[in-house]
Amino acid sequence: MNVCSYMQAQHIAKITDAFKILADPTRLQILYLLFHTKKELCVGEIADAVGASHSAVSHQLEKLETRGIVSCTRMGQMMCYEVVDNSLTRKLKNTVDLFQ
């Protein structure tokens with residue numbers, strides 16, 4: 001594999017990962033909510049808003065946090081999340097907004 005093919009493969013892997021993030025309906029609903037609320041929301045608030053269980057929302061938020069898309073703050077016993085402002089999240093928001 002030459003250098004150009006290697007670079008192309010890395011680029012394709014990044015794009016694939018970005019679309020995998022948006023591929024799960026619950027995760028997409030969570031992202032849409034956080035993108036457009038523009039404030040920190042606790043897991044219970046997110047679960048109520050997207051109509052999913054607390055555990056399903058927590059599971060998806062953990063995946064998003066691992067990828068650096070959301071950050072978490074503990075408020076007493078509650079875990080609250082907001083979107084991290086970085087290149088990936090801006091691109092994801094632009095992609096989501098294309099379909100409005």
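Colleague: Is Leu-28 buried, partly exposed or exposed?

Modeller: Bear in mind that this is a predicted model. Leu-28 is found in helix H2, and its relative accessibility comes out at 31%. Buried would need under 20% and exposed over 50%, so Leu-28 counts as partly exposed.

Colleague: Which residues is Leu-28 in contact with, leaving aside neighbours within four places in sequence?

Modeller: Glu-45 is 17 residues along the chain from Leu-28, and their C-alpha atoms are separated by 16 Å. With neighbours within four places in sequence left out, the contacts of Leu-28 are Leu-22 and Val-96.

Colleague: What share of contacts between residues at least 6 apart in sequence join residues at least 24 apart?

Modeller: For background, the protein has 100 residues, and 26% of them count as buried. Taking the contacts between residues at least 6 apart in sequence, the share that joins residues at least 24 apart is 51%.

Colleague: Which element gives the most to the largest nonpolar core?

Modeller: That core has 21 residues, and Ile-30, Ile-46, Val-57, Leu-61 and Leu-64 touch the most other members. Helices H1 (3-23), H2, H3, H4 and H5 (87-97) each give two or more residues to this core. The top contributor, with five residues, is H2.

Colleague: And Val-57, which residues is that one in contact with, beyond four places in sequence?

Modeller: Val-57 is one of the core residues that touch the most other members. Leaving aside neighbours within four places in sequence, its contacts are Ile-30, Val-43, Ile-46, Ala-47, Val-50 and Ala-52.

Colleague: Why do the buried residues of H3 line one face of the helix?

Modeller: The buried residues of H3 (residues 43-50) are Val-43, Ile-46, Ala-47 and Val-50. Looking down the axis of H3, they fall within a limited arc, so they line one face. The face turned away from that buried side carries the exposed residues Asp-48 and Ala-49.

Colleague: Over in H4, is Gln-60 buried or exposed?

Modeller: Gln-60 is found in helix H4 (residues 54-66). Leaving aside neighbours within four places in sequence, Gln-60 is in contact with Asp-24, Thr-26, Arg-27 and Ile-30. The relative accessible area of Gln-60 is 8%, and the cut-off for buried is under 20%, so Gln-60 is buried.

Colleague: Which cysteines form a disulfide?

Modeller: A search of the whole structure turns up one disulfide. The sulfur atoms involved are 1.9 Å apart, and the pair is Cys-42 and Cys-80. This pair links distant parts of the chain, strand S1 and strand S3, 38 residues apart. With 45 degrees about the S-S bond, the link is right-handed, and its cysteines are Cys-42 and Cys-80.

Colleague: How far from Cys-72 is the nearest cysteine sulfur?

Modeller: Cys-42 is buried at 10% relative accessible area, and Cys-80 is buried at 1%. Cys-72 is in no disulfide, and the nearest cysteine sulfur is that of Cys-80. Cys-72 itself is partly exposed, with a relative accessible area of 24%. The distance to the sulfur of Cys-80 is 7.6 Å.

Colleague: Which element gives the most to the lining of the largest pocket?

Modeller: That pocket has a volume of about 300 Å³, and its lining includes His-11, Phe-19, Leu-88 and Thr-95. H1 and H5 each supply at least two residues of the lining. The one that gives the most, with seven residues, is H1.

Colleague: Last one: which residues on the other side of H5 from its buried set are exposed?

Modeller: The buried residues of H5 are Thr-89, Leu-92 and Val-96. They cover an arc of only 60 degrees around the axis, which puts them on the same side of H5. On the other side, the exposed residues are Lys-91 and Asn-94.

Note on methods. Residues are numbered from 1 along each chain as its sequence is written. This is a predicted model: local features need pLDDT of at least 70, side-chain atom pairs count only at pLDDT 80 or more; totals for chains, interfaces and linings use all residues. Side-chain values use heavy atoms; hydrogens and water are left out. Helices (H or I, at least four residues) and strands (E, at least two) are DSSP runs, numbered from the N terminus. Buried means under 20% relative accessible area, exposed over 50%, partly exposed in between (1.4 Å probe, protein chains only). Contact means heavy atoms within 4.5 Å. The arc is that of the directions from the helix axis to the C-beta atoms. A disulfide is a pair of cysteine sulfur atoms within 2.5 Å. A nonpolar core is a set of buried Ala, Val, Leu, Ile, Met, Phe, Trp, Tyr and Cys residues joined through side-chain atoms within 4.5 Å. On a 1 Å grid over the protein atoms alone, a cavity is a set of points where a 1.4 Å probe fits but cannot get out, and a pocket is an open set with protein on both sides within 12 Å along at least five of seven lines; lining residues have an atom within 4 Å of a point. Grid points are joined across faces, edges and corners, and a volume is the space filled by probe spheres set on the points.
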